[in-house]
Amino acid sequence: NNNNNNNGDNDNLCSSRIHSNFDYIVICTGLEYGTALQPSSNVIRAGNCTSLFRARDQLLLSAEILIIGGGIVGVELAGELIETFPEKRITIVSSTDRLLPRFPEKAAKYAECFLLNAGVTIIYNELIIQQKLENEFLMRSGRILRADLAFVCTGGQPNSQLLKNYFNDCLDIQGFIRVNENLQIFNHLNLFVAGDIISSCEEKLAQTANLTANIVVNNIQTIDRNLSNLNLNSNLNSNSNSNSNNLLKYSTGIRPMLISLGKYDCIMIYGEYVIFGFLPALLKEAIEHKIMCSMI
């Protein structure tokens with residue numbers, strides 16, 4: 001907490017319940033995975049960890065699984081379900097004309113062949129618009145699909161509602177937060193941003209979120225050392241030029257991606273290059289193992 005008496009607009013956050021002083025704030029509110037479907041006991045949002053843990057027990061009792069969305073999350077989920085529950089009947093409904101629409105067609109074709117050969121049904125250019133009964137889902141065409149359990153894997157929207165009243169000018173047209181190269185909000189240099197909520201032209205990946213988090217931690221530590229004896233609000237902006245050279249910078253770019261299809265198959269994408277099979281699967285397993293070990 002900042003014990004100095006500051007009059008700037010960045011030193012406190014107010015709500016009907018909380019008034020708290022701060023030296024730095026890190027905003028990492030991520031994405032919100034919305035859906036046209038009303039909350040239901042058998043509709044699981046893929047971005048909600050609590051729901052996913054609950055889904056394990058439901059999966060054991062479900063014969064027909066519906067996956068809404070044919071992007072990375074939907075494809076990876078289908079691959080995991082095929083391997084773990086090969087007896088389940090799985091249907092993917094995609095609003096686009098192919099899987100993985102933001103990636104090379106070669107990757108989409110490989111994922112499609114893998115899933116079709118495993119018995120997955122894929123429906124393109126369709127939307128789920130309503131849950132009619134507990135196990136019935138209405139598509140835009142009027143067709144009804146039956147499923148015991150549905151996973152919402154559609155693209156997420158930025159979870160930035162809390163900023164609109166005070167920092168609306170810092171949001172882009174989609175609601176993502178615009179930042180400088182040091183991951184600070186423009187004109188509010190003690191407010192940092194990490195993860196999927198950052199306004200950037202790149203895929204929202206775990207590796208990117210981890211990278212931005214490390215940069216934010218480093219930059220706060222650097223600023224804190226440089227300004228340890230100064231009043232943050234009155235001096236941070238005036239000293240930003242002298243400090244910015246010592247801060248780590250974040251830049252967007254092409255990064256390798258690994259899209260798993262179960263444990264033994266995977267698609268590796270680097271720009272327009274696509275490699276698939278067992279070797280990318282081994283690479284992804286090694287990366288995941290390294291990340292999990294670093295969290296212990």
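Start your tour by selecting Asn 187, which is exposed at 65% relative accessibility (buried means under 20% relative accessible area, exposed over 50%, and partly exposed in between, with a 1.4 Å probe and protein chains only). Asn 187 sits in the loop between S14 and S15. Helices (H or I, at least four residues) and strands (E, at least two) are DSSP runs, numbered from the N terminus. Look at the backbone here: Asn 187 has a positive phi of about 70°, although it is not a glycine.

A word on what is on your screen: this is a predicted model, in which local features need pLDDT of at least 70 and side-chain atom pairs count only at pLDDT 80 or more, while totals for chains, interfaces and linings use all residues. Residues are numbered from 1 along each chain as its sequence is written, and side-chain values use heavy atoms, with hydrogens and water left out.

**Stop two: the sheet beside that loop**

Now colour S3, S15 and S14. They make an open sheet of three strands in the order S3-S15-S14, with mixed pairing. Strand S3 (25-27) and strand S14 (184-185) are at the edges with a single partner strand each, so one side of each has no neighbour in the sheet. Two strands count as paired if DSSP finds at least two bridges between them. S3 runs parallel to strand S15 (residues 188-193), and three bridges join them.

Next, select Asn 125, in the loop between strand S8 (121-123) and S9. Here is another positive phi on a residue that is not a glycine, this one of about 55°. Asn 125 is partly exposed, at 43% relative accessibility.

Follow the chain onward into strand S9 (residues 128-133), which runs antiparallel to strand S10 (residues 136-139) and is joined to it by four bridges. A hairpin through two residues connects S9 to S10. Pick Gln 130 and look across to Leu 138 in S10, which stands opposite.

Keep Leu 138 selected. Which residue of S11 does Leu 138 stand opposite? It is Ile 144. S10 and strand S11 (residues 144-146) are antiparallel too, paired over three bridges. Their hairpin has four residues between the strands, and Gly 142 in the turn has a positive phi of about 100°. As a reminder for viewing, strands of a sheet pair through backbone hydrogen bonds, either parallel or antiparallel.

**Stop four: salt bridges**

Show the charged side chains. How many salt bridges does a search of the whole structure find? The count is eight, where a salt bridge is a side-chain nitrogen of Lys or Arg within 4 Å of a carboxyl oxygen of Asp or Glu.

Begin with Arg 146 and Glu 64, whose closest N and O atoms are 2.8 Å apart. Arg 146 lies in strand S11 and Glu 64 in strand S6 (residues 64-68), so this pair ties together parts that are 82 residues apart in sequence. Arg 146 is partly exposed at 49% relative accessibility, whereas Glu 64 is buried at 18%.

Move on to Lys 88 and Glu 87, which meet in a salt bridge with an N to O distance of 3.8 Å.

Then zoom to Lys 249 and Glu 181, a salt bridge at 4.0 Å, N to O. Lys 249 is in the loop between helix H7 (240-244) and strand S16 (257-260), and Glu 181 is in the loop between helix H4 (164-167) and S14, so the pair ties together parts that are 68 residues apart in sequence. Both are partly exposed, Lys 249 at 42% and Glu 181 at 43%. Finally, select Glu 64, Arg 89, Arg 146 and Asp 148 together: salt bridges that share partners join these residues into one network.

**Last stop: a negative patch**

Helix H2 (72-84) and helix H8 (278-295) each supply at least two residues of the patch. End on Glu 288, in helix H8, which is partly exposed at 42% relative accessibility.
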